[in-house]
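Hello,

Please find below the structure for you to look at. My notes come after it.

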Amino acid sequence: MFDLRKKKFVPPEFEAFVEDEGDGWQVSLIAHGVQVGGAVFPDDGTGAAFDLAKQVADDWIQTKGGMGERSATI
């Protein structure tokens, strides 16, 4: 017999997305499936804006939304 009950989708606790906005990089910070923060870093062509956006996203995920000690070194 098959178990036909639907499986409940459980989103990751903390996610971050970095998206190209054309003239900058946008970071979306997600907690429990809801966007709780974000930032846009203007791109000057050097790649520094992408690096900063990626660092913010990585910090959000690694500190589980804490943004504490790791972000203080940026």
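This is a predicted model: local features need pLDDT of at least 70, side-chain atom pairs count only at pLDDT 80 or more; totals for chains, interfaces and linings use all residues.

Residues are numbered from 1 along each chain as its sequence is written, and side-chain values use heavy atoms, with hydrogens and water left out.

The chain has one helix and three strands, in the order β-β-β-α along the sequence. Helices (H or I, at least four residues) and strands (E, at least two) are DSSP runs, numbered from the N terminus.

Of its 74 residues, 23% are buried, where buried means under 20% relative accessible area with a 1.4 Å probe, counting protein chains only. In strand 2 (residues 24–31), seven of the eight residues are buried.

Which strands does strand 2 pair with? Strand 1 (residues 14–20) pairs with strand 2 in the antiparallel sense over seven bridges. Strand 3 (residues 34–42) also pairs with strand 2 in the antiparallel sense, over eight bridges. Two strands count as paired if DSSP finds at least two bridges between them.

Val-27 in strand 2 shows both pairings: Val-18 stands opposite Val-27, and Ala-39 in strand 3 is the bridge partner of Val-27.

The hairpin of strand 2 and strand 3 has two residues between them, and His-32 in the turn has a phi of about 55 degrees.

Regards

Note on methods: Buried means under 20% relative accessible area, exposed over 50%, partly exposed in between (1.4 Å probe, protein chains only).
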